[in-house]
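Here's a quick tour for anyone opening this structure for the first time. Take a look at the sequence and the fold, then come back for the main points.

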Amino acid sequence: MDGVIPNTSMIRPGTVLEYSDGRPGHSGALAMVISVDGTGMLLQFEDRADDTRVRFNDPAWMDFLSIATTFRY
């Protein structure tokens, strides 16, 4: 999935993102952005106790994240 977040400046604390890579249990996972800095963001997934640091230059994450259009928070 390319270009799902065309501009990382759109990401702010409170933004809800969706992670979908096609694997069972890894599609439609929602995360709230906790904080953002120049290199990445800290996410809290709805189904995890730990937060997750995602770097903007990490395609293993960024290729599968999009801004959620609907969410369950």
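Rings of Phe, Tyr and Trp (for Trp, its six-membered ring) count as a pair if their centres lie within 6.5 Å. By that rule, ring pairs link Tyr19, Phe45, Trp61 and Phe64 into a cluster. Keep in mind that this is a predicted model. The protein has one helix and five strands, and along the sequence they follow the pattern β-β-β-β-α-β.

**The sheet**

- The five strands form an open sheet, in the order S4-S3-S2-S1-S5, with antiparallel pairing.
- At the edges sit S4 and strand S5 (65-67), each of which pairs on one side only.
- From one strand to the next, the twist averages 40°.

- Strand S2 (residues 27-36) and strand S3 (residues 40-45) run antiparallel and are joined by five bridges.
- Three residues lie between S2 and S3 in the hairpin they form.
- Who partners whom here? Met32 has Gln44 in S3 as its bridge partner, and Val36 has Met41 in S3.
- S3 also pairs with strand S4 (residues 52-55), in the antiparallel sense and over four bridges.
- That makes another hairpin, with six residues between S3 and S4.
- Across this pairing, Leu43 stands opposite Thr52 in S4.

**The nonpolar core**

- The largest nonpolar core has 14 residues, and Leu17, Met41, Leu43, Met62 and Leu65 touch the most other members.
- Strand S1 (16-20), S2 and S3 are the elements that give two or more residues to this core.
- Leaving out residues up to four places away in sequence, Met41 touches Ile11, Leu17, Val33, Ser35, Val36, Thr52, Arg53, Val54, Phe56, Met62 and Leu65.
- In soluble globular proteins, nonpolar side chains tend to be buried together.
- Across the whole protein, buried residues make up 32% of the 73 residues.

- Val36 lies in strand S2.
- Is Val36 buried, partly exposed or exposed? Its relative accessibility is 31%, so Val36 counts as partly exposed.
- Setting aside neighbours within four places in sequence, Val36 is in contact with Ile11, Arg12, Pro13, Met41 and Phe56.
- Val36 and Thr8 are 28 residues apart in sequence, yet their C-alpha atoms are 9.6 Å apart in space.

- Thr15 lies in the segment before S1.
- The relative accessible area of Thr15 is 15%, and under 20% means buried, so Thr15 is buried.
- Its side chain reaches the backbone oxygen of Arg12 at 2.8 Å.
- Thr15 also touches Met10, Ala31, Met32, Val33 and Ile67, again not counting residues up to four places away in sequence.

**The aromatic rings**

- Back to the rings: the count comes to three aromatic pairs.
- One of them is Phe45 with Trp61, a tilted pair at 5.9 Å centre to centre and 35° between the planes.
- Why does this pair tie together separate parts of the sequence? Phe45 lies in strand S3 and Trp61 in helix H1 (residues 59-62), so the pair links parts that are 16 residues apart in sequence.
- Phe45 counts as buried because its relative accessibility is 5%, under the 20% cut-off.
- Trp61, with a relative accessible area of 23%, is partly exposed.

How values were computed:
Residues numbered from 1 in each chain as written. Predicted model: local features only at pLDDT ≥ 70, side-chain atom pairs only at ≥ 80, totals over all residues. Heavy atoms only, no water. Pairing = 2+ DSSP bridges. Core = buried A, V, L, I, M, F, W, Y, C linked by side-chain atoms within 4.5 Å. Buried < 20%, exposed > 50% of the residue type's maximum accessible area, 1.4 Å probe, protein only. Contact = heavy atoms within 4.5 Å. Axes fitted to C-alpha atoms, helices over the stretch in contact; angles between N-to-C directions. Polar contact = N/O pair within 3.5 Å; in protein donor to acceptor, adjacent residues only side chain to side chain. Phe/Tyr/Trp six-rings, centres within 6.5 Å; stacked < 30°, edge-to-face > 60°.
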